Amino acid sequence: MAVDLTVRERILEAGFACVARYGLAKTTVEDVARASRLSRATLYRYFPGGRDQLLRDVIAWETGRFFGRLAEAVAGAPDFPSLLEEALLFAHRAVEEHEVLQKVLQTEPERLLPQLTVESERVLVFIRRFLVPYLEREELRPGVEPEEAADYVARMLLSFIGNQGRWDLSDPAQVAELVRTELLAGVLSDR
Amino acid sequence: MTLVGPDRVGTQEQRVIDAALRCVARWGIGKTTLDDVAREASCSRATIYRLFPGGKDALLEAITRTELNRFFSGLAQRFDEAHDLEDMLVGGIVYASRALAGHEALQFVLAYEPEVVLPKVAFHHADRVLTAIAGFAAPYLAPHVGADEASRVAEWVARLVLTYTLAPADNVDIGDEESARRLVRTFVLPGLVTSAVP
C-alpha cells in the first residue's frame, strides 16, 4: 500500500488541532476526519490502530516538530557551550509557551505522560545524533568519547527541559553556569 | 492518620502493607481489591478498614509512605557507610537504581499502569521528586562540598537516577557499581566546586 506522506501529515496536523480543542480523551477519529476533510476509511487506512494509534502518532509528531524547531533555533550558535545555553533557554521558553502541552499537562497528564516517557527514548536518540558532530569537533577530556558524552549531555538537556528544578532557566547567567558545570565540566578539555 | 514507618515493621499494619504490595506486583493497583489484600494477609476486610479507615485510598497512601521511608532509610545507610564523596555519590546512585528496579510493585505499575504514577512524578511534577531527594541527601553531602553546593549536587544526581531509570541506556548501567563509578568520575566530579570543601 502506498503511503502518501502529505496525507499522513495532513491527518496528524488535523489531529493536533483536535487535541488542542477537545483534549486527548475526547478527540475521536470522527473529529479528525472532519478536521482533515478526509473520510474515516482513509484515516483507518493510514492509522489501522484507530484512535489510540492516531493519538500516539500525533504526540510523537508534535514532539518531533518541537525538537526540530529547537535544533533549527540553535544551529547557528558560535560554539558548543553557547549552543547548549541557547538550547536550554529556547526549550524552556518553548515548553512554557506551548499552549496545547500546558493545557494537556494540566487537565489530562495521565494520558500524556506515559506517552512522553516512551517518546523520550526516541528524543534522546535525536538529540544524541544532533550533538555528536559538534562533540567530534571539540577537544574532549582524556578518555571521553563523543558518543558517550552526547548521550550524557542529551539526558541532562532533556531532564532540564522537562523540569528546571532549583535553577531559573529563563536567566541566561544561570543557564551559562549550569552548562559550564553540570553539562560540560566533565566533557570539554580545560584548555 | 496512623504513622507507619520502619519502627512498625512486624506489626499488623506492616503485614497488611506487605500483602498489598504483593497483590499490586501481581495484578496492579486498579485490579487489587481489599478482599485480595485481606486474603493475602490472612485477615478480614474489617481488620483492614480498622487499620486504614478510608479503605483502599488510605492503604495506598500508607504504602507510599512506608515505601518512601524504607527507601530513604536504606539510602541513609549507604551514605553512612561511604568513606568519601565519590563513594557517597556512587553508593547512592547504585542503591537508588537497584531499589527502583527491584521494586516489583513499582515496576508492575510503571509497565502496565504508568498513568497512575507518572502524573505524580514526571515532567512538571518532577521537582517534587528532585526536591525530596535533594532535601534528604544534601545534609550528607554538605560536609564534603559545603551546604550550597550540596543541594545542587544532590539534585543533579537525582536527575541522573531518574533518566537512567526511565530511559535505560545501552552502555551505562547505574545499578552496576563500576558503571556508576565511571559515570560519577567522568561527568560529575569534574563539575564540583571542590574549593568549597572545608
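# Briefing on chain B of a predicted model

F123(B) lies in the loop between α7 and α8 of chain B, where helices (H or I, at least four residues) and strands (E, at least two) are DSSP runs numbered from the N terminus. The model is predicted: local features need a pLDDT of at least 70, side-chain atom pairs count only at pLDDT 80 or more, and totals for chains, interfaces and linings use all residues. Residues are numbered from 1 along each chain as its sequence is written, while chains are lettered from A and ligands numbered from 1 in the order in which they are written. The secondary structure of chain B comes to 10 helices and 0 strands.

**Confidence**

- The model has an ipTM of 0.88 and a pTM of 0.89.
- The average pLDDT of chain B is 90, and 93% of the residues score at least 70; pLDDT is the predictor's confidence in each residue, on a scale from 0 to 100.
- In residues 1-5 of chain B the pLDDT falls below 50, and this stretch has 8 contacts in the model beyond near neighbours in sequence. Two residues are in contact if their C-beta atoms, placed from the backbone, lie within 7 Å.

**Overall architecture of chain B**

- Along the sequence, chain B reads α-α-α-α-α-α-α-α-α-α.
- A box of roughly 60 × 35 × 30 Å, taken along the principal axes, is filled by the C-alpha atoms of chain B.
- Of the 198 residues in chain B, 33% are buried. A residue is buried if 20 or more other C-beta atoms lie within 10 Å of its own, exposed if 12 or fewer, and partly exposed in between, with C-beta atoms placed from the backbone.
- Among contacts in chain B between residues at least 6 apart in sequence, 56% link residues at least 24 apart.

**Domains of chain B**

- Chain B is divided into domain 1 (1-65) and domain 2 (82-188); the domain bounds come from an automatic or database domain assignment.
- The C-alpha centres of domain 1 and domain 2 of chain B are 27 Å apart.
- Domain 1 of chain B gives 6 residues to the contact, and domain 2 of chain B gives 7 residues.
- On the side of domain 1 of chain B that touches domain 2 of chain B, there are 4 nonpolar, 2 polar and no charged residues. In this classification Ala, Val, Leu, Ile, Met, Phe, Trp, Tyr, Cys and Pro count as nonpolar, Asp, Glu, Lys and Arg as charged, and the others, Gly among them, as polar.

**Contact between chain B and chain A**

- Chain B contributes 26 residues to the contact, and chain A contributes 26 residues.
- On the side of chain B that touches chain A, the elements giving two or more residues are α7 (114-121), α8 (126-145), α9 (147-166) and α10 (177-188) of chain B.
- The largest share of this side of chain B, 8 residues, is supplied by α9(B).
- By class, the side of chain B that touches chain A holds 15 nonpolar, 6 polar and 5 charged residues.

**Packing of α5(B) against α9(B)**

- The axes of α5 (residues 85-101) of chain B and α9(B) come within 10 Å and cross at roughly 35 degrees. Axes are lines fitted to C-alpha atoms, for helices over the stretch in contact, and angles run from 0 to 180 degrees between N-to-C directions.
- The crossing of α5(B) and α9(B) is right-handed; a crossing is left-handed if the near helix is turned anticlockwise from the far one by less than a right angle, and right-handed if clockwise.
- L89(B), G92(B), I93(B), A96(B), S97(B) and L100(B) of α5(B) meet V157(B), L160(B), V161(B), Y164(B) and T165(B) of α9(B).
- The contact of α5(B) with α9(B) has 8 nonpolar, 3 polar and no charged residues.

**V94(B), a residue of α5(B)**

- V94(B) is placed in helix α5 of chain B.
- V94(B) counts as buried because 21 other C-beta atoms lie within 10 Å.
- Leaving aside neighbours within four places in sequence, V94(B) is in contact with I174(B), G175(B), E177(B) and A180(B).
- V94(B) and P119(B) are 25 residues apart in sequence and, C-alpha to C-alpha, 25 Å apart in space.

**Loop residues**

- F123(B) is not a glycine, yet its phi is positive, at about 55 degrees.
- F123(B) has 20 C-beta neighbours inside 10 Å and therefore counts as buried.
- S42(B), in the loop between α2 (34-41) and α3 (45-51) of chain B, has a positive phi near 50 degrees and is likewise a residue other than glycine.
- S42(B) counts as exposed because it has 10 C-beta neighbours inside 10 Å.
- P53(B) is located in the loop between α3 and α4 (56-81) of chain B.
- With 10 C-beta neighbours inside 10 Å, P53(B) counts as exposed.
- P53(B) and R26(B) are separated by 27 residues in sequence and by 24 Å in space, C-alpha to C-alpha.
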